[in-house]
Amino acid sequence: MDFNDSPEEAAFREQAKTWLANAAAKHQGSGGGRRPNTPEHMAAAKAWQAEKAGAGFACITWPKEWGGGGGTALQQVIFNQEEAKAGVNYGYFTIGLGMCVPTVMAFANDETKQRFVGPAVKGEEIWCQLFSEPAGGSDVAAARTKAVRDGDEWVINGQKVWTTGAQYCDYGIVLVRTDPDVPKHKGLTMFWIDMHDPGVEVRPIHQMSGGSEFNEVYFTDLRVKDSQRLGEVGAGWKVALVTLMNERLAVGGSSGPNYNEIMKLARELRGVDGPAIKDAAFRERLADWYVQSEGLKFTRFRTMTALSRGQTPGPESSIGKIIAANQMQDLGNVGMEMEDQYGIITDPKLSPMEAAFQQSLMWAPGLRIAGGTDEILKNIIAERVLGLPGDVRVDKDVAFKDMPTGR
Ligand SMILES: Cc1cc2nc3c(=O)[nH]c(=O)nc-3n(C[C@H](O)[C@H](O)[C@H](O)COP(=O)(O)OP(=O)(O)OC[C@H]3O[C@@H](n4cnc5c(N)ncnc54)[C@H](O)[C@@H]3O)c2cc1C
């Protein structure tokens with residue numbers, strides 16, 4: 001494992017820091033604010049993405065001819081680290097640029113790539129991922145939304161759910177069933193779609209945080225051209241795997257307060273028996289969070305070392321998400337308890353640390369599900385890291401139409 005930047009990596013870090021210091025200072029007060037999904041926040045996010053694209057810092061690993069930076073995966077990691085430190089972070093483009101557009105680049109024809117990749121890099125158009133359905137989330141291959149061929153077009157009917165950002169996205173990639181007579185993994189096909197088509201209805205889901213980050217999406221006789229197909233007919237699972245591999249890497253990290261910040265709060269807040277930092281039970285938990293954080297840091301170093309050597313990171317990114325999401329939930333819980341009656345206040349102007357612990361508590365359950373639930377990640381770690389026997393799969397050779405549905 002290599003803990004230090006190589007001379008080239010250190011030079012790139014300096015270059016990124018210098019650019020970020022100037023650009024972030026100019027960007028401050030551009031109307032972004034802290035509340036996502038407002039028109040002002042979206043406009044600020046698009047302006048920031050365009051700024052990064054202009055400087056070659058958007059999609060650093062993508063070829064320059066597609067609007068990327070022509071750099072390495074490690075440079076992207078370094079830039080992400082410095083961007084987070086500079087405090088300019090927008091989530092609107094993560095799914096599109098991290099998962100959907102790479103899938104388009106891998107499977108679409110040249111005309112489609114020419115039309116869509118550039119505007120996505122510059123933040124002019126945003127993409128969403130339409131995989132999960134009421135009957136298939138962890139088991140994405142159980143998708144029931146169907147597409148039936150009609151000449152040079154396909155007609156799509158069905159429902160997706162938990163589609164992040166569908167309400168503001170311009171385009172999406174959708175996994176549909178095109179052949180129910182073969183086993184579930186073999187009868188799927190992927191298409192890109194226009195989210196503004198009248199055949200697409202987006203219904204936001206109201207969350208406990210007060211926001212609506214994800215949606216139900218209904219398709220009623222949505223017509224798409226065969227040229228919108230990504231990959232071969234029936235090869236949608238192979239295409240989806242490319243998207244999902246990128247997803248695990250993209251959602252590996254987490255934001256929110258860390259053990260240092262809760263330690264600071266524990267020193268400042270006074271309970272009836274004095275500050276929480278004096279409490280033995282709290283100190284024990286603090287020690288656990290410290291150990292977990294160090295473990296996470298070294299696991300990330302391992303990923304960075306693999307990237308630095310031009311290798312692909314392995315299933316260990318599953319370890320990162322499982323620990324980080326659970327720790328985030330734990331920290332949110334304890335932080336709110338320590339704040340006592342102020343713990344129930346979510347207004348960032350009134351609550352200690354701008355309600356960071358409240359935000360963590362409400363966001364962490366979602367992070368434990370998105371991009372693979374805790375249980376699914378444990379299965380991956382068991383099978384692919386520890387080499388334990390595989391999960392039992394009873395429907396591998398059964399035609400999709402013959403699978404029991406409970407109806
Ligand atoms: C914040 C957030 C954003 C999301 N954004 C998107 C998006 O943009 N696009 C999209 O398509 N989807 C999105 N999703 C959906 C997400 O991919 C699914 O919620 C997730 O895959 C789990 O599927 P499910 O909700 O259907 O749960 P299920 O698969 O029904 O799981 C229910 C429970 O059963 C357990 N379980 C299931 N299978 C197994 C197994 N084999 N072994 C052991 N336990 C098992 C699970 O761990 C879970 O506890 C998002 C979810 C969240 C929380």
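Modeller: Ala, Val, Leu, Ile, Met, Phe, Trp, Tyr, Cys and Pro count as nonpolar, Asp, Glu, Lys and Arg as charged, and the others, Gly among them, as polar. By that scheme the shell around the ligand has nine nonpolar, nine polar and two charged residues. This is a predicted model, where local features need pLDDT of at least 70, side-chain atom pairs count only at pLDDT 80 or more, and totals for chains, interfaces and linings use all residues. Residues are numbered from 1 along each chain as its sequence is written.

Colleague: Thanks! Which residues come nearest to the ligand?

Modeller: Ser132, Gly137, Ser138, Thr373 and Glu375, of the 20 residues around the ligand; a residue is near if its C-beta atom, placed from the backbone, lies within 6 Å. β1 (127-130), β3 (153-164), α10 (356-369) and α11 each give two or more residues to this shell. Helices (H or I, at least four residues) and strands (E, at least two) are DSSP runs, numbered from the N terminus.

Colleague: What makes you place the ligand between domain 2 and domain 3?

Modeller: Domain 2 (127-235) and domain 3 (251-385) both give residues to the shell, so the ligand lies between them. The bounds come from an automatic or database domain assignment, and the centres of these two domains, over C-alpha atoms, are 33 Å apart.

Colleague: Why does the radius of gyration of the chain agree with that of a compact globule?

Modeller: The globule rule, 2.2 Å times the number of residues to the power 0.38, with the radius taken over C-alpha atoms, gives a value near 22 Å for 407 residues; the chain has 22 Å, so the two agree. The C-alpha trace spans about 75 × 50 × 45 Å along its principal axes.
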